[in-house]
Amino acid sequence: MSRRLRFIGTDSKNGGCPAVHEDLDSGEIIVQGTPLTDPDDLARLQHFGPGDAAVSVPRELLVNHGPKEMERAHRIIDLEEFGRLFETFEHSAWHLETRRGYASDREDTAYAEFLTTGTAPCDLDSEWCANIRRQTSGGKYVGRVRVADNPPTEGQLFLLGYARCNAATGEDVRNLWREDAERAHLPAEDFWIFDSRLVAVLRFDEADVLHDVEIITEPAQVLWFCQVRDAAVHASVPYDRFAAQLDSKG
């Protein structure tokens, strides 16, 4: 079975080698670089076995993208603790949404109304909207990028319609096509970044139900998620422009 690898980073200006990856299951770090092939150099390496390979990478690569902690600084929190993060963040909260649908949306009465009328209702007095309006009115940034299939799924169309409600609370809401997300090397997982120092990876089951959240604070990994955020924002467009593009296709 092939490894589940997550790209961590590279200092190459063209996005190529050398680079660092992480094995999501074992925690091992995979370093790719220029192979060391000179027999005299290899002979000087201590404990170099017949099945080993050596690569040469700049020191900066390991300084900037290598793990900074011996143990993986991950922990699992429940949904109640996750909800409190939206009340306590200091300056920014950003979300990547990549799934084709969410059980929580389908269970909402607004979803049934959307299926009937084609319009997603907006309740700005809901607990979520009231809190986000409170945060953004205080000068904090809240944003998200949603990935859409071509054509969009029913759930993605619902969220595109609901985006006007997100925007009304002060959120920066953007979209991009899945093929553009793949070209930008965005991961196929949902997460929030809080204050560019804490990442909350959302863990769903096969029925699209969010069951718990993995918290990541290891600096090199948080940096990688922040780079994903920048790439996603760069590759996406505001939700209303995306909706207009979709309407023109139809």
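Hello everyone. Before we start, please keep in mind that this is a predicted model, where local features need pLDDT of at least 70, side-chain atom pairs count only at pLDDT 80 or more, and totals for chains, interfaces and linings use all residues. Residues are numbered from 1 along each chain as its sequence is written, and side-chain values use heavy atoms, with hydrogens and water left out.

Let's begin with the cysteines. How many disulfides does a search of the whole structure find? The search finds one, where a disulfide is a pair of cysteine sulfur atoms within 2.5 Å. The partners are C122 and C165, with an S to S distance of 2.4 Å. The two cysteines come from distant parts of the chain, 43 residues apart: C122 lies in the loop between α5 (109-117) and α6 (127-137), while C165 belongs to helix α7 (residues 154-168). Helices here are DSSP runs of H or I with at least four residues, strands are runs of E with at least two, and both are numbered from the N terminus. The torsion about the S-S bond of C122 and C165 is about 75°, so this disulfide is right-handed.

Now, are these cysteines buried or exposed? Buried means under 20% relative accessible area, exposed means over 50%, and partly exposed is in between, using a 1.4 Å probe and protein chains only. C122 is partly exposed at 30%, whereas C165 is buried at 1%.

Next, please find strand β8 (residues 141-148), which holds V145. V145 is buried, with a relative accessible area of 0%. Leaving aside residues up to four places away in sequence, V145 touches several residues, among them W94, L96, R174, L176 and V233; contact means heavy atoms within 4.5 Å. The C-alpha atoms of V145 and V237 are 8.7 Å apart, although 92 residues separate the two along the chain.

Last stop: the hairpin. Strands β2 (residues 19-23) and β3 (residues 29-32) pair in the antiparallel sense over four bridges, and strands count as paired if DSSP finds at least two bridges between them. Opposite H21 you will find I30 in β3. Five residues sit between β2 and β3, and in that turn G27 has a positive phi of about 85°.
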